[in-house]
Amino acid sequence: MTSPRKSRDPKTLRPATQLIHGGSLRSRFEETSEALFLTQGYLYDTMELSEARFKGDDPGFIYSRFANPTVSMFEQRMALLEGAEAARATASGMAAVTASLMGQLKAGDHIVAARALFGSCLYVVEELLPRFGVASTLVDGADLDAWRAAVRPNTKTAFLESPTNPTLEIVDIAAVAEIMHRAGATLVVDNVFATPLLQHPMKLGADCVVYSATKHIDGQGRVLGGVILASEKFIADHIHNFLRQTGPCLSPFNAWTLLKSLETLTVRVTAQTRTAGKIAEFLSTHPAVVRTLYPGRADHPQAALARRQMEAGGTMLSFEVAGGKAAAFRVANALTIIGISNNLGDAKSLITHPETTTHQRLKPEQRAALGIAAGLLRLSVGLEDAEDLIEDLAQALDKATLPRRHAAE
Ligand SMILES: *Cc1c(COP(=O)(O)O)cnc(C)c1O
């Protein structure tokens, strides 16, 4: 660029500004909106240039499985937001989780993970890694002694989510990072539920942060995506070659969608969090609701830790209705605005019944240990008007608590 205008070092900008301007790579057309480079490959002016690029002497693009300008913009913007040295985008959140673990591990190693994991993450830790000779131990994430006791001489990494799905339990990230570092192991945090705005795992000591960009980062239910954030060294040692050679790369189209979504992430997450707080307040006083789980409330079982570790309670809440599965189904079926779906972080409010969907594969005793009761519903709070959502929940809860009258209608 020959422009005489100076631009400020994006690292010194606040998150809302970084999310609008960070990482932009303008082409010579000086487009306002980030360009979508839907291309597999790149031309070289000369054979000498192609040789230099493959040798790493020229920084240009080679092939879109390795890097692509639109994907790079998304990675740069995410790295700025997270305060990470480096980022790599992936095709989905699960590709990010799998690469962040498989990239570090080899046969003979050991991994410790919190047992309250997203179903597919549990599969990777419990079933996939052991097939390649990596032993795994699952612990109660809230029990720091359990983390300490699980560490072995060959423990290489640990993995956790906080808040957890669906009971919104908080794991003490700084404490687990310290335990792992003392053992010479790393910590990977899946930060989906908290969002990059409300919790900063790397500042708390995590070595690597992963996201399903499918959730709040897209936030409008359109594309799948994922991202891995870490130091330059962590990416170089564990992630760079793994992703390049195995190929779970993010499509430039999806990267472009996510890049444009990041522009509104602050506005969306702030509004969704404010509404979630109001809904949690409403639910906590409703007679048909046995318990309300929201990390932003003083009655959350780990409220002090949540306050220390998170900037706000986030966009997710769970609540248990009296009357078990039948009552939970009646409530969800009676909703007129809130949709039934297992997605989360969306502009549309979505409700799911963990026992019969996301956690269906678990044994009853595993669900009991995680506090997943038959009457538990998980609500992802969207961007609708808070009063409309509360009215929707109120009429659905009223119907559910008067089952006979409505069954007869
Ligand atoms: C959705 C989700 C994932 C997986 O992400 P995909 O984009 O669906 O592959 C991983 N972890 C958590 C906590 C999630 O919510």
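Which residues line the largest cavity? In this predicted model, where residues are numbered from 1 along each chain as its sequence is written, local features need pLDDT of at least 70, side-chain atom pairs count only at pLDDT 80 or more, and totals for chains, interfaces and linings use all residues. Side-chain values use heavy atoms, with hydrogens and water left out. The lining is made up of Arg115, Ala116, Asp140, Gly141, Thr167, Glu169, Ala369 and Leu370. A cavity here is a set of points, on a 1 Å grid over the protein atoms alone, where a 1.4 Å probe fits but cannot get out, and lining residues have an atom within 4 Å of a point. By class, this lining holds three nonpolar, two polar and three charged residues; Ala, Val, Leu, Ile, Met, Phe, Trp, Tyr, Cys and Pro count as nonpolar, Asp, Glu, Lys and Arg as charged, and the others, Gly among them, as polar. The volume of the largest cavity is about 60 Å³, taken as the space filled by probe spheres set on the points, with grid points joined across faces, edges and corners. Three cavities of 30 Å³ or more are counted by this rule.

Turning to the ligand, its surroundings comprise 13 residues, and the closest are Met94, Asp190, Ser212, Thr214 and Lys215 (a residue is near the ligand if one of its heavy atoms lies within 4 Å of it). The shell divides into five nonpolar, five polar and three charged residues. Polar contacts are pairs of N or O atoms within 3.5 Å; within protein, one must be able to donate a hydrogen and the other to accept it, and residues adjacent in sequence count only if both atoms are side-chain atoms. An N or O atom in the side chain of Thr214 is 2.6 Å from an oxygen atom of the ligand. For Lys215, a polar side-chain atom lies 2.7 Å from a ligand oxygen, and for Met94 a polar backbone atom is 2.8 Å from a ligand oxygen. Of the 380 Å² of accessible area that the ligand has on its own, the protein covers 92% (Shrake-Rupley method, 1.4 Å probe).

At the start of α4, a side-chain oxygen of Ser92 comes within 3.4 Å of the backbone nitrogen of Met94. Buried means under 20% relative accessible area, exposed over 50%, and partly exposed in between, with a 1.4 Å probe and protein chains only. Among the buried residues of α4 are Gly93, Val97 and Leu101.

The loop between β4 (155–161) and α7 (173–182) contains Pro163, and a cis peptide bond with omega of about -10° joins Ser162 to this proline. Pro166 is found in the loop between β4 and α7 as well, and the bond from Asn165 to Pro166 is cis, with omega near 0°. Leu168, also in the loop between β4 and α7, has a positive phi of about 55° although it is not a glycine; at 1% relative accessibility, Leu168 counts as buried.

Glu30, in the loop between α1 (15–21) and α2 (47–55), is likewise a non-glycine residue with a positive phi of about 55°. Glu30 counts as partly exposed, at 42% relative accessibility.

How values were computed
Helix = DSSP H or I, 4+ residues; strand = E, 2+ residues; numbered from the N terminus. 1 Å grid on protein atoms, 1.4 Å probe; cavity = no way out; pocket = protein on both sides within 12 Å on 5 of 7 lines; lining within 4 Å.
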